[in-house]
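Visitor: I have a structure open and would like to go through it piece by piece. Can you take my questions as they come?
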Amino acid sequence: AGIEACTGSLGQGLSIAVGAAIGAKMDKKGFRAFCLMGDGEIQEGQVWEAAMSAGKLKLDNVIGLLDFNKAQIDGLVEDVMPIEPVEAKWQSFGWKTRRINGHDFQQIADALVWATTPEGAPKMIVADTIKGKGVSFMESALLAWHGSAPTRAQCDQAVGEIRAKLAASNAGAKS
C-alpha cells in the first residue's frame, strides 16, 4: 500500500493504474489501483486511451478521483480545453461515475465506499473543488495560486484561518 508513481500533468498516472490493475487481475491479487487526477491533466490523450482500456477490460479494481477545480496553469479549464460533460465522457467508456462536493468529508467517504464496491466496471469520482478553499486570500484568487507557493507569513495566515474554521466546525458539531 502506498504511492507507486507521481506523474502530474502529462496524464501518465491512469495508464500506470490500469497496468497495475491488469497485473493484479492476472496474479489474482485483490488490490485496487487508485489514480488521482487534475482536470487539466485529463485533457491529455493518454488519459483517454487508458480510460478506454479500463472500460473495455471491465477493470473494477481501478478507481479514479478527479480534482475538478476548473483551473490549470494556462487559465480556466473551460477556456483552455473544455472537459464537460465530464461524467458522460467517462461513462461513454464504460466507467461508473459519481459527482461529489470535494470539500465535504462525508461525501468523500461515501464515494470511496461506493468506489471500492466491485460492480464490474472502473469507477470515477468527480470531486468539485475550489482552489484555496477556506483561505481568504487564496479562495478569492482562483488562478493566482496555481503553481505558486505562499510566503511564510501567508502560510501562517492560511493555517490559522483553516484551524479557526475547523475549530468552529467542531464546536458546532458538538452542540
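This is a predicted model: local features need pLDDT of at least 70, side-chain atom pairs count only at pLDDT 80 or more; totals for chains, interfaces and linings use all residues.

Visitor: Start with H1. Which residues does it cover, and what is its reach from first C-alpha to last?

Guide: Helix H1 runs over residues 13–26, which is 14 residues. From its first C-alpha to its last it reaches 20 Å, close to the 20 Å expected at 1.5 Å a residue.

Visitor: Which residues of H1 are buried?

Guide: Gly13, Leu14, Ala17, Val18, Ala21 and Ala24. Looking down the axis of H1, these buried residues fall within an arc of 135°, so they line one face of the helix.

Visitor: What does the backbone do just after H1?

Guide: Lys28 sits there with a positive phi of about 55°.

Visitor: Where else do you see a positive phi on a lysine?

Guide: Lys58 has one of about 55°, although it is not a glycine. Lys58 is in the loop between H2 and E2, and at 53% relative accessibility it counts as exposed. Lys70 is another non-glycine case, with a positive phi of about 70°. The loop that holds Lys70 lies between E2 and strand E3 (71–72).

Visitor: Is Lys70 buried, exposed or partly exposed?

Guide: Partly exposed, at 31% relative accessibility.

Visitor: Which strands does E6 pair with, and in what sense?

Guide: E2 pairs with E6 in the parallel sense over six bridges. Strand E5 (residues 96–101) also pairs with E6 in the parallel sense, over six bridges. For landmarks, Ile63 stands opposite Lys123 in E6, and Ile100 stands opposite Ala127 in E6.

Visitor: How does the chain get from E5 to E6?

Guide: The chain goes through helix H5 (residues 105–115), and this β-α-β crossover is right-handed.

Visitor: You mentioned Lys123. What does its side chain meet?

Guide: The side chain of Glu119, in a salt bridge of 2.7 Å, N to O.

Visitor: How many salt bridges does the structure hold?

Guide: Eight. One of them joins the side chains of Glu87 and Arg99, at 3.8 Å, N to O. Glu87 is in helix H4 and Arg99 in strand E5, so this pair ties together parts that are 12 residues apart in sequence.

Visitor: How exposed are Glu87 and Arg99?

Guide: Glu87 is partly exposed, at 22% relative accessibility. Arg99 is partly exposed as well, with a relative accessible area of 29%.

Visitor: Which residues are joined into a network by salt bridges that share partners?

Guide: Lys70, Glu84, Glu87, Arg99 and Asp128 are joined into one network in that way. Lys70 is the residue with the positive phi of about 70°, and Glu87 and Arg99 are the pair at 3.8 Å.

Visitor: Glu84 is new to me. What kind of peptide bond joins it to Pro85?

Guide: A cis peptide bond, with omega at about 0°.

Visitor: Where is Pro85 placed?

Guide: Pro85 is in the loop between helix H3 (77–80) and H4.

Definitions and conventions:
Residues are numbered from 1 along each chain as its sequence is written. Side-chain values use heavy atoms; hydrogens and water are left out. Helices (H or I, at least four residues) and strands (E, at least two) are DSSP runs, numbered from the N terminus. The expected span of a helix is 1.5 Å times one less than its number of residues. Buried means under 20% relative accessible area, exposed over 50%, partly exposed in between (1.4 Å probe, protein chains only). The arc is that of the directions from the helix axis to the C-beta atoms. Two strands pair if DSSP finds at least two bridges between them. A crossover is right-handed if, with the strands pointing away from the viewer, the path from the first strand over the helix to the second runs clockwise. A salt bridge is a side-chain nitrogen of Lys or Arg within 4 Å of a carboxyl oxygen of Asp or Glu.
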